Amino acid sequence: MRGLLLCLGALLLAACAETQEISDTGLPLGPPLSSFAADGRISLRQGERSDHLQFDWQHAPGRDVVLFSSPIGQGLAELGRDATGAWLAVPGEPERRASD
C-alpha cells in the first residue's frame, strides 16, 4: 500500500512539473520554398457514408490550385486563388468566383 501511495505522489509531482522549452539551435533548414507541389488521398467518413478523393496541390508565389479527383482519376473540382481572387470550378456547373 505504501508503494502505491509513493507512486501516486510521484505521478502528482511529475504532473505539476514545468517542462523545459527546447531552444532553437539556429541551424538553417535550407532556403524557403517559393513553389511546391503536393498530392495524396483524402478519406472522408460521416456515419455509414465514406468517400475517397485524390488531390493535387500546386503552389507558386501568388497562386494556388488544388485539383480534386475520384479514385479512378475523374476530375471532381478545381479550387484556386491568385491575384484576381478565388475560384471553384466543378464540371457541368458555372465557375464560382470571389474576390478573396
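In what order do the 6 strands of the open sheet stand? The order is S1-S2-S3-S4-S5-S6, and the pairing is antiparallel. As a general point, strands of a sheet pair through backbone hydrogen bonds, either parallel or antiparallel.

First, the ground rules. This is a predicted model, where local features need pLDDT of at least 70 and side-chain atom pairs count only at pLDDT 80 or more, while totals for chains, interfaces and linings use all residues. Residues are numbered from 1 along each chain as its sequence is written, and side-chain values use heavy atoms, with hydrogens and water left out.

Two terms now. A strand is a DSSP run of E with at least two residues, numbered from the N terminus. Two strands pair if DSSP finds at least two bridges between them.

S4 (residues 75–82) and S5 (residues 85–89) run antiparallel and are joined by 5 bridges. Glu78 stands opposite Ala89 in S5. S4 and S5 form a hairpin, with 2 residues between them.

Next, S5 and S6. They pair in the antiparallel sense over 3 bridges. Here Trp87 stands opposite Arg97 in S6. This is a hairpin too, with 6 residues between the strands. Gly92 in the turn has a positive phi of about 80 degrees.

On to side chains. How many aromatic pairs are there? The count comes to 1. The rule: rings of Phe, Tyr and Trp (its six-membered ring) pair if their centres lie within 6.5 Å; planes under 30 degrees apart count as stacked, over 60 as edge-to-face and the rest as tilted. The pair is Phe36 and Trp57. Centre to centre they are 5.0 Å apart, with 80 degrees between the planes, so the pair is edge-to-face. Phe36 lies in strand S1 and Trp57 in strand S2 (residues 49–60), 21 residues apart.

Are these two buried or exposed? Buried means under 20% relative accessible area, exposed over 50%, partly exposed in between (1.4 Å probe, protein chains only). Phe36 is partly exposed at 29%. Trp57 is partly exposed at 31%. Compare a loop residue. Ile72 sits in the loop between strand S3 (63–69) and S4, and Ile72 is exposed at 80%.

Last topic: charges. Side chains of opposite charge can pair when their charged atoms come close. A salt bridge is a side-chain nitrogen of Lys or Arg within 4 Å of a carboxyl oxygen of Asp or Glu. The count here is 5.

Take three of them. Asp51 and Arg49 meet at 3.1 Å, N to O. Asp51 is partly exposed at 29%, and Arg49 is exposed at 56%. Asp82 pairs with Arg63, with the closest N and O atoms 3.5 Å apart. That pair links distant parts of the chain: Asp82 in strand S4, Arg63 in strand S3, 19 residues apart. Asp82 is partly exposed at 23%, as is Arg63 at 39%. Finally, Arg96 and Glu93 meet at 3.8 Å, N to O. Arg96 is exposed at 53%, while Glu93 is partly exposed at 43%.

Note on methods. Helices (H or I, at least four residues) and strands (E, at least two) are DSSP runs, numbered from the N terminus.
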